[in-house]
Amino acid sequence: MKRISRRSVGWMLCWALAAGSAAGRYSSFEPGQIWKDNNGVHINAHGGGILFHEGVYYWFGEHKIAGRAGNLAHVGVHCYRSKDLYNWTDEGIALSVVTDDPNHPLTAGCIIERPKVIYNPKTRQFVMWFHHELKGRGYTAAMSGLAVGTRPRGPYQYVRSVRPNQGVWPMNVQESHQKPVDRKVMETHYSGGSLPRHPDVLNLLGKGYVTGQMARDMTLFVDDDGTAYHIYASEDNSTLHIAELTEDYTDHSGRFVRVFAARWMEAPTLFKHKGFYYFIGSGCTGWAPNAARSAVAESIWGPWMELGNPCEGPDAELTFRAQSTYVLPVQGRKGAFLFMADRWNPENAIDGRYIWLPIEFIPAADGYEPIRIRWRDQWDLGVFD
Ligand code: GAL
């Protein structure tokens with residue numbers, strides 16, 4: 001047997017440390033920098049969201065590969081686990097694309113974006129919804145995919161993909177929507193695109209009434225009473241919908257509202273602070289960054305009041321060259337919310353970076369507290385103390 005010299009043991013130790021196998025590597029966040037998991041590999045969970053379950057955070061996101069090809073789904077939804085939010089352990093692929101059936105909706109080369117997972121205590125199921133586009137069809141399918149699992153890290157079983165809320169009008173429907181839809185509108189398959197092109201007058205809501213509503217960028221939100229909501233960019237990205245899910249979280253209840261009509265908002269996030277609902281999202285410019293949007297409401301159904309771009313600091317008008325994906329309530333710290341965003345790199349998708357920053361509330365005597373998100377090169381959870 002070959003003897004391992006003391007010198008090579010030293011080198012192995014150095015290598016192990018460099019590769020990041022030493023525990024407790026990070027004690028702060030460094031927005032925009034390479035962020036290594038327990039194996040020393042840059043975390044691969046883009047457009048992600050976080051589930052907190054039994055003392056552990058689970059981060060789910062799009063697994064990207066190198067190059068432009070990485071903008072399509074070749075692997076699936078990646079899951080990581082952490083107790084401190086700084087150091088993440090690779091838990092593998094929670095939902096896999098299908099590689100042996102070109103006709104399967106999840107076949108490799110389809111689009112899986114912005115996966116979010118919530119836990120349903122009644123069914124003891126972990127429920128994942130994601131934006132799903134069919135292979136070779138660009139962004140025209142505009143569907144929401146559903147997968148369920150019995151353990152947080154999966155594996156998740158794909159259930160179906162839908163255009164939500166078919167055959168029901170939103171609670172705030174206008175009379176002008178409830179009329180027969182133009183045949184031309186019915187036959188048009190909007191690609192989504194990156195810039196507003198279609199005016200509201202097309203009655204895309206009416207088309208959605210017939211076919212199910214278009215659903216692209218999305219998030220999930222569970223309220224204090226356990227009711228879950230699916231928030232998705234609809235009507236060709238021109239208008240967001242906030243839709244209630246059924247008690248088991250695996251379907252839409254049919255109760256929904258249109259919000260920010262013809263405001264072209266994407267990348268929705270939603271959270272609740274001191275009884276008020278807050279929204280942070282983006283404008284609609286594809287992978288290119290734009291100024292964040294924010295809003296507040298006393299009821300999730302609205303009316304929502306826009307508050308403008310909460311970002312401050314270098315590149316604040318471009319959301320620090322990133323786009324929102326989730327707002328995480330930090331456990332055990334009241335009023336502590338972490339803003340999560342993606343700095344996309346569509347030329348080399350796997351190199352997308354994560355911008356995590358604390359949300360600050362500006363104290364107010366009564367009513368809602370305005371929010372701001374200030375750039376920091378490095379920070380830790382101590383800012384919430
Ligand atoms: C963005 C959206 C991303 C992705 C991209 C494709 O606006 O937020 O999730 O869909 O467009 O161009």
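**Ligand site.** I listed the residues around the ligand, taking near to mean a heavy atom within 4 Å: Glu-113, Arg-114, Tyr-139, Asp-217, Glu-266, Gly-286, Trp-287 and Gln-323. I note that this is a predicted model, in which local features need pLDDT of at least 70 and side-chain atom pairs count only at pLDDT 80 or more, while totals for chains, interfaces and linings use all residues. Residues are numbered from 1 along each chain as its sequence is written, and side-chain values use heavy atoms, with hydrogens and water left out.

I sorted this shell into 2 nonpolar, 2 polar and 4 charged residues; Ala, Val, Leu, Ile, Met, Phe, Trp, Tyr, Cys and Pro count as nonpolar, Asp, Glu, Lys and Arg as charged, and the others, Gly among them, as polar.

For Glu-266 I read 2.4 Å between a side-chain N or O atom and a ligand oxygen, and for Asp-217 the corresponding value is 2.5 Å. A polar side-chain atom of Gln-323 is 3.0 Å from a ligand oxygen. On its own the ligand has 310 Å² of accessible area (Shrake-Rupley method, 1.4 Å probe; for residues, only the protein chains shown count as cover), and the protein covers 90% of this area.

**Cores.** I next looked up the largest nonpolar core, which has 43 residues. Such a core is a set of buried Ala, Val, Leu, Ile, Met, Phe, Trp, Tyr and Cys residues joined through side-chain atoms within 4.5 Å; buried means under 20% relative accessible area, exposed over 50%, and partly exposed in between (1.4 Å probe, protein chains only). Trp-59, Leu-85, Trp-88, Trp-356 and Ile-359 touch the most other members. Elements that give two or more residues include strand 2 (56-62), strand 14 (276-282) and strand 20 (353-358); helices (H or I, at least four residues) and strands (E, at least two) are DSSP runs numbered from the N terminus. Strand 19 gives the most, with 5 residues. Apart from this core lies another, of 20 residues, among them Phe-60, Leu-95, Ile-112 and Phe-130.

**Leu-85.** I found Leu-85 in the loop between strand 3 (76-82) and strand 4 (89-96). Its phi is positive, near 75°, although it is not a glycine. Is Leu-85 buried or exposed? It counts as buried because its relative accessibility is 1%. Beyond four places in sequence, its contacts (heavy atoms within 4.5 Å) include Phe-29, Trp-35, Trp-356 and Leu-381.

**Tyr-249.** Tyr-249 sits in the loop between strand 11 and strand 12 and counts as buried because its relative accessibility is 4%.

**Cis peptide bonds.** I recorded one between Gly-154 and Pro-155, with omega about 5°; Pro-155 is in the loop between strand 7 (143-149) and strand 8 (157-162). Another joins Gly-302 and Pro-303, with omega about 5°, and Pro-303 lies in the loop between strand 15 (293-297) and strand 16 (305-306).

Definitions and conventions:
A polar contact is a pair of N or O atoms within 3.5 Å; within protein, one must be able to donate a hydrogen and the other to accept it, and residues adjacent in sequence count only if both atoms are side-chain atoms.
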